[in-house]
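Please give a first tour of this structure. Keep it brisk, and write for someone who has not seen it before.

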Amino acid sequence: MSASTSTSRLVELSTTIAEKTRIIDDYLSFKGLPPLSFEPDAPGQLPIAKDDEDGEGQKVRQARTELIAATQELHDLAVGPKESVRYLAWDHNNTLSLHFIYHFKVAEAFRSDEEITFSELARRTGAPESELKRLLRHAMTNHIFREPRKNHVVHTAASQLLASDPVLASWVGLHCEDLFTPCAKTVDAVVKWPGSQEPSQTALAIAHDTEDDWFKILGKDPAKIKRFGLAMSSFSQGEGFEAENLAADYDWGQLGEEGTVVDVGGSIGFISVAIAKQHPGLEFIVQDVEKVLAGDPSSNIPDELRSRIRFQVWDFLASAQPVHGADAYFFRWIFHNWSDAYSIRILRNHIPALKPGARIVINDGVLPEPNTMTLYDEKLIRTVDLLMLTAINAREREVNDWKALFKRADERFRWVGAKQSKRMWVIEAVWDPRNPKADGEKNSDA
Ligand SMILES: C[S@@+](CC[C@H](N)C(=O)[O-])C[C@H]1O[C@@H](n2cnc3c(N)ncnc32)[C@H](O)[C@@H]1O
């Protein structure tokens, strides 16, 4: 890009920023909603009035997306490539100061309306004062705490959330305590086990000096399991990830009046409940490992649905699918936890149970085609993809990867398609034993 084009791009971006800011600001003041700020009582995210969720709210959310993209580009242009790369290289120090705050429970140590000295904060948290001061002053450059006068600390919106939002705090704990060190070992793991598909040959295993996979490591520590569950709930409950979307966005009616759905790795059945509520003819069998289904999982099912939702212990890696002849086998957030080799094993373990026309319905993430969304949004899903590599040698997939996965598992899985359902996707194939492509072209995957 020539110097003159670059200058006009700066002006173009600043105009976009002014326009989008105006849309957001006008909306907030018209609706009497609180302005965006760093003060402790500021909203944790852009506030949208309840009755605006679809119409005006969508417009304002879109303006926010475009504002973030424009400000990020303007920021990066202003900083320039040399400084950008220089400071990118030590970005992990942001995680470091956040980790310190999480570890010493600094946010919880004083009230949102309190002004506290570093020395009193050190006394309350047990953290050494000099490190406390250094690490908090670093975090302040990320708007986490503020020093209104020398040696005095107050909360900001972000630090206040760390104290009051257990899901966010668990997310921070998971990343700072469980995944920060492994992240730094990811290149070592790739060098040691290039192309490995094994969940135990990971950076996480190197960091923990173990041959266990992540779930075994987690399984040894109830507090970590709890923190992981809470952190993950931000995905299940977050906007665009709701179970209700799936109930509405997939044509469950095509399974017939009395269709049977097997919810594979369905945990305690909450997705089956959401679908069952909207589709009164369907019956569900929820399968998971023994540990998850111990006790009485039916007690979580509303009385009126209990006759239609059964539970069954089954390990999808260990043996063939025990439920034969179901209309659909449904997998939500399953395959992104497994490498291709294991995903293929899971699919093949279903083959003996499949009747012609049986549907494999997957509700999972999909990686975008490059350059089809803002860098901010693209970075979110690409970061999840890297985490899967670091933690369990699993991966996120593009539409074509999903298609290839079925083909590699068995040519008789006939690809139906992949359709976006809010922030998730529905990916589907049908078991077609007479698929002509299945003859001759036998695949060679183990
Ligand atoms: C990410 S959770 C998804 C749970 C649920 N489908 C949802 O949408 O929230 C993955 C699920 O797979 C289950 N799982 C893991 N390994 C399994 C195995 N070998 N056989 C059966 N279920 C398994 C876990 O216990 C867990 O409930």
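The model is a predicted one.

## Domains

The domain assignment divides the protein into four parts: domain 1 (3-86), domain 2 (90-164), domain 3 (166-231) and domain 4 (243-442).

Domain 2 and domain 3 touch each other. On one side, 10 residues of domain 2 take part, and they meet 9 residues of domain 3. The centres of domain 2 and domain 3, taken over C-alpha atoms, are 26 Å apart.

## The ligand and its shell

Polar side-chain atoms reach the ligand at several places. Asp 288 places one 2.7 Å from an oxygen atom of the ligand. In the side chain of Asp 315, an N or O atom is 2.8 Å from a nitrogen atom of the ligand. Arg 332 has a polar side-chain atom 2.7 Å from a ligand oxygen atom. On its own, the ligand has 590 Å² of accessible area, and the protein covers 79% of that.

## Helix H13

Helix H13 spans residues 270-278. Its buried residues are Ile 271, Ser 272, Val 273, Ala 274, Ile 275 and Ala 276.

What do the buried residues of H13 pack against? One partner is a helix, H12 (243-249). The others are strands: S3 (260-264), S4 (283-288), S5 (309-313) and S6 (328-332).

## Ser 421

Ser 421 belongs to strand S8, which covers residues 413-421. Is Ser 421 buried or exposed? Ser 421 counts as buried because its relative accessibility is 2%, and the cut-off for buried is under 20%.

The side chain of Ser 421 makes a polar contact of 2.8 Å with the side chain of Asp 249. Leaving out residues up to four places away in sequence, Ser 421 touches Gly 240, Asn 245, Leu 246, Asp 249 and Val 426.

## Pro 35

Pro 35 sits in a loop. That loop runs between helix H1 (3-31) and helix H2 (56-88). Pro 35 has a relative accessibility of 55%, so it counts as exposed; the cut-off for exposed is over 50%.

Pro 35 still has contacts beyond its neighbours within four places in sequence: Leu 28 and Pro 43. Leu 46 is 11 residues from Pro 35 in sequence. In space, the C-alpha atoms of Pro 35 and Leu 46 are 8.8 Å apart.

## Two residues with positive phi

Asn 151 is not a glycine, yet its phi is positive, at about 70°. Asn 151 lies in the loop between helix H5 (129-140) and strand S2 (152-153). Its relative accessibility is 29%, so Asn 151 counts as partly exposed.

Asp 209 is not a glycine either, and has a positive phi of about 50°. The loop that holds Asp 209 lies between helix H9 (203-208) and helix H10 (214-219). Is Asp 209 buried or exposed? Asp 209 is exposed, because its relative accessible area is 72%.

Terms used
Residues numbered from 1 in each chain as written. Predicted model: local features only at pLDDT ≥ 70, side-chain atom pairs only at ≥ 80, totals over all residues. Heavy atoms only, no water. Polar contact = N/O pair within 3.5 Å; in protein donor to acceptor, adjacent residues only side chain to side chain. Areas by Shrake-Rupley, 256 points an atom, 1.4 Å probe, with all protein chains shown as cover. Helix = DSSP H or I, 4+ residues; strand = E, 2+ residues; numbered from the N terminus. Buried < 20%, exposed > 50% of the residue type's maximum accessible area, 1.4 Å probe, protein only. Contact = heavy atoms within 4.5 Å. Domains from an automatic or database assignment.
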